[in-house]
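Work through the exercises below with the structure open. Each one has a task and a stepwise solution.

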Amino acid sequence: TQTIRIGTEGAYPPWNNINSAGDLEGAEIDFGNEACERMGVTCEWVTQDWDGIIPALLQGKYDIIIAGMSITEERKEKVNFTTGYMTDGARFAVLKDSGLADLNIAGMAKVNLNNAGGKEQAAIGQLIAAMDGKTVCVQSSTIHQNFLEKHMSGAVDVKLYQAVDDHNLDLAAGRCDAILADVGSIIDFMESDGGVDVAFTGPTFSGGVFGDGVGGAVRKEDGDILEMWNNVIMEMSKDGTTAEITKKWFGRDISM
């Protein structure tokens, strides 16, 4: 059987981490092991400090990086990425009694804006209709501001803030109808005293202006390895395996 060496950091829980027994564990370790089993290959994990993780791949220390690495244009100059497999995503939050809470948009819990088709466009259309004329507060110079400008321009009144904490306070005080931010940061807010009256609404967004999430990085010449991983990533995403792994480690579904 083919052996694939996987580079990871081992210092980024719950993505990947070395536990007290000295073993690798985390969402990506489970994910990588399951992927290897499905591909019928033997996998060897190699730990590597973050700052040298791409150079070590290029030097041949391992064949793919699975290490909570966000897919960015800058990194694409050096490596090729698989399709994204996990991301926190972005979501709108509103006050529980606003009449906007828990909107069911086009029956979709997740909207991936990469190659967005009719269903994704319908979801954005329904969101625009529901939020028409409302004030949406976001941190400035962020992907969240970019989303509103690209997809909801003219439909909502966008208010910009320096810091997430500031728009959170204004939402709680009723000065914003909605905020748009990373799911994790909104959960943190909801669990604080100030966020008790706050609820999520509509789908979780990823892709497009939100970026392509976290993916595996391979050398540019390794097209065969890339294709193998892309096929198994798609399969594990479709059958809900990645979702289950992320629920175990993050307490919620952050699959793409």
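Predicted model: local features only at pLDDT ≥ 70, side-chain atom pairs only at ≥ 80, totals over all residues.

**Exercise 1.** Describe the largest pocket by its volume, lining and classes of residue.

Solution. 
- Step 1: The volume of the largest pocket is about 400 Å³.
- Step 2: Its lining has 15 residues, and T83, G84, N112, M234 and M256 lie nearest the centre.
- Step 3: Helix α8 (residues 223-238) gives the largest share of this lining, 4 residues.
- Step 4: By class, the lining holds 5 nonpolar, 7 polar and 3 charged residues.

**Exercise 2.** Why is the pair of F147 and F205 tilted, and why does it tie together parts apart in sequence?

Solution. 
- Step 1: The whole structure has 7 aromatic pairs.
- Step 2: In the pair of F147 and F205, the ring centres are 4.9 Å apart and the planes stand at 50°, so the pair is tilted.
- Step 3: F147 belongs to helix α5 and F205 to strand β13, so the pair ties together parts 58 residues apart in sequence.

**Exercise 3.** Is F205 buried or exposed, and which aromatic cluster includes F205?

Solution. 
- Step 1: F205 has 1% relative accessibility, so F205 counts as buried.
- Step 2: F205 and F210 form a tilted aromatic pair, 6.4 Å centre to centre with 35° between the planes.
- Step 3: F210 also counts as buried, because its relative accessibility is 12%.
- Step 4: One aromatic cluster is formed by F92, F147, F205 and F210.

Definitions and conventions:
Residues numbered from 1 in each chain as written. Heavy atoms only, no water. 1 Å grid on protein atoms, 1.4 Å probe; cavity = no way out; pocket = protein on both sides within 12 Å on 5 of 7 lines; lining within 4 Å. Points joined across faces, edges and corners; volume = space filled by probe spheres on them. Helix = DSSP H or I, 4+ residues; strand = E, 2+ residues; numbered from the N terminus. Nonpolar A, V, L, I, M, F, W, Y, C, P; charged D, E, K, R; others polar. Phe/Tyr/Trp six-rings, centres within 6.5 Å; stacked < 30°, edge-to-face > 60°. Buried < 20%, exposed > 50% of the residue type's maximum accessible area, 1.4 Å probe, protein only.
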